[in-house]
Amino acid sequence: ETGVTQSPTHLIKTRGQQVTLRCSSQSGHNTVSWYQQALGQGPQFIFQYYREEENGRGNFPPRFSGLQFPNYSSELNVNALELDDSALYLCASSLSKGGKDTQYFGPGTRLTVL
Amino acid sequence: AQTVTQSQPEMSVQEAETVTLSCTYDTSESDYYLFWYKQPPSRQMILVIRQEAYKQQNATENRFSVNFQKAAKSFSLKISDSQLGDAAMYFCAYSKDDKIIFGKGTRLHILP
């Protein structure tokens, strides 16, 4: 059974640039959720994708967008990067949509915006 | 709006002792799910324990158990026989439908 993987591990961007983060879900999981974890804070829910459709969104602006592919892998895109976007971005997959199932987390992508 | 509060930013416990981490939440819902997740240093977050709100029985997983008080909206985690490998950030999380909310976490130190 393959776990959740994320790429890249680390990324450095400058303010105003765009970034794409990638996530491969655990085998058998059709749902992917994305979280932003600032230093010393808990994860904040960005959005969730279920079978290629967005299923729920947290309090994040539209410049945070996502995609889910037929193989259930997913991308998080952030446009017009701001300094406050510097954080660990976590992807988690689960067996079904919503939040009732256990989330299986990836190792995260550390994004630094200069 | 739902909120999750972990009032202890850091805690320490002697190896082999018992420690309890606190979590309170605010919701007007009656059916929801609660979780404790563990995030070891530089390692992936993993589930510790899961509780369904409609079940009165407290969930247990080996050395980990919860005290779920629905009326008080409290969901504390008890770790028995603490081990060095238990050192981590612990996050309490609430979910209902498409909402998933995490607390700010409690850093647990295990003293040898």
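The points below comment on selected residues, aromatic pairs and disulfides in this predicted model.

1. Disulfides overall. The structure holds 2 disulfides over all chains, and each is taken in turn in the next two points.

2. The disulfide of chain A. C23(A) and C91(A) are joined by a disulfide, with an S to S distance of 1.7 Å. The torsion about this S-S bond is about -40 degrees, so the disulfide is left-handed. Distant parts of the chain are linked by the pair, since C23(A) belongs to strand β3 of chain A and C91(A) to strand β9 of chain A, 68 residues apart. Both C23(A) and C91(A) are buried.

3. The disulfide of chain B. Here C23(B) is joined to C92(B), with an S to S distance of 2.0 Å, and the torsion of about -65 degrees about the S-S bond of C23(B) and C92(B) makes this disulfide left-handed. C23(B) is placed in the loop between β3 (19–21) and β4 (24–26) of chain B, whereas C92(B) is in strand β10 (residues 88–96) of chain B, so that the pair links distant parts of the chain, 69 residues apart. C23(B) and C92(B) are both buried.

4. L21(A), in strand β3. Strand β3 (residues 19–24) of chain A also contains L21(A), which counts as buried because its relative accessibility is 0%, against a cut-off of under 20%. Leaving aside residues up to four places away in sequence, L21(A) touches S7(A), P8(A), L11(A), W34(A), S74(A), E75(A), L76(A), Y89(A) and T109(A). The C-alpha atom of L21(A) is separated by 17 Å from that of L114(A), a residue 93 positions away along the chain.

5. Q103(A), a buried polar side chain in a loop. Q103(A) is located in the loop between β9 (87–94) and β10 (104–105) of chain A, and its relative accessibility of 3% means that Q103(A) counts as buried. The side chain of Q103(A) makes a polar contact of 2.9 Å with the side chain of Y35(A). With residues up to four places away in sequence not counted, Q103(A) touches residues of chain A, among them S33(A), Y35(A), A92(A), S93(A), S94(A) and G98(A), and in chain B Q103(A) touches Y37(B) and I100(B).

6. An aromatic pair between the chains. Over all chains, the structure holds 15 aromatic pairs. In one of them, the ring centres of F105(A) and F102(B) are 6.2 Å apart and the planes stand at 80 degrees, so the pair is edge-to-face. This pair joins two chains, because F105(A) lies in strand β10 of chain A while F102(B) lies in strand β11 (residues 99–102) of chain B. F105(A) is buried, with a relative accessible area of 4%, and F102(B) is buried as well, with a relative accessible area of 9%.

7. Y37(B) lies in strand β5 (residues 33–39) of chain B and F102(B) in strand β11 of chain B, so the pair ties together parts that are 65 residues apart in sequence. Both Y37(B) and F102(B) are buried.

Notes
Residues numbered from 1 in each chain as written. Chains lettered and ligands numbered in written order. Predicted model: local features only at pLDDT ≥ 70, side-chain atom pairs only at ≥ 80, totals over all residues. Heavy atoms only, no water. Helix = DSSP H or I, 4+ residues; strand = E, 2+ residues; numbered from the N terminus. Buried < 20%, exposed > 50% of the residue type's maximum accessible area, 1.4 Å probe, protein only. Polar contact = N/O pair within 3.5 Å; in protein donor to acceptor, adjacent residues only side chain to side chain. Contact = heavy atoms within 4.5 Å. Phe/Tyr/Trp six-rings, centres within 6.5 Å; stacked < 30°, edge-to-face > 60°. Disulfide = S-S within 2.5 Å.
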